[in-house]
Amino acid sequence: MKLTARNVENGMVSLHNTGEIRLGDRPADKGAAEALLGPGCYTRKVLFDLKNTSFIDSAGVGWLVKFHKLCEQSGGMLILHSPQPAIVAILRLLHMDRFLHITDDEAAARAMAGAEVPTR
């Protein structure tokens, strides 16, 4: 897992991953995003670009769920966008598409971030 970030606007931040999100990358360490985005990261709207993510294992899914919950508890929002078909298949198989905010592309993620948080 290789994370990079850039500020967007209106309290949004864009987070990008390159490669796999798996146990060997220590994704269970919730501090990975916080170290990159700062201590208030969970209060922001995080647009997480998965376009260059080739694989995710159960530990990686667990990390996404924890990140999502921390954002919701803190008044922020995690929105996954541009996932590869294999990533979508894994998330759907685990019914994570019912829990996580997932969009097809960055434009849809920005639109969702500008809207009210959907009730789940």
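Arg-110 has a relative accessible area of 29% and is partly exposed; buried means under 20% relative accessible area, exposed over 50%, and partly exposed in between (1.4 Å probe, protein chains only). The structure is a predicted model, in which local features need pLDDT of at least 70 and side-chain atom pairs count only at pLDDT 80 or more, while totals for chains, interfaces and linings use all residues. Residues are numbered from 1 along each chain as its sequence is written, and side-chain values use heavy atoms, with hydrogens and water left out.

The side chain of Arg-110 meets that of Glu-106 in a salt bridge, at 3.3 Å from N to O. The term denotes a side-chain nitrogen of Lys or Arg within 4 Å of a carboxyl oxygen of Asp or Glu. Both residues belong to helix α4, four residues apart, or about one turn of the helix. Helices (H or I, at least four residues) and strands (E, at least two) are DSSP runs, numbered from the N terminus.

A search of the whole structure finds four salt bridges. Among them is the contact between the side chains of Asp-49 and Lys-51, at 3.9 Å from N to O. In this pair, Asp-49 is buried, with a relative accessible area of 5%, whereas Lys-51 is partly exposed, at 45%. In general, side chains of opposite charge can pair when their charged atoms come close.

Val-13 has Val-46 of β3 as its bridge partner.

## Positive phi values

Most residues other than glycine have a negative phi, and most peptide bonds are trans. Ser-82 has a positive phi, near 60°. This serine lies in the loop between β4 (77-81) and α3 (85-93), and Ser-82 is buried, with a relative accessible area of 16%.

His-95 also has a positive phi, near 60°. The residue is found in the loop between α3 and β5 (101-103). At 41% relative accessibility, His-95 is partly exposed.

## Model confidence

The protein chain averages a pLDDT of 86, and 88% of the residues score at least 70. This score is the predictor's confidence in each residue, from 0 to 100. Confidence in the protein chain is lowest in helix α1 (residues 31-37), at a mean of 78, and highest in β5, at 97. Where pLDDT is low, the predicted coordinates should not be read in detail.

Notes:
Two strands pair if DSSP finds at least two bridges between them.
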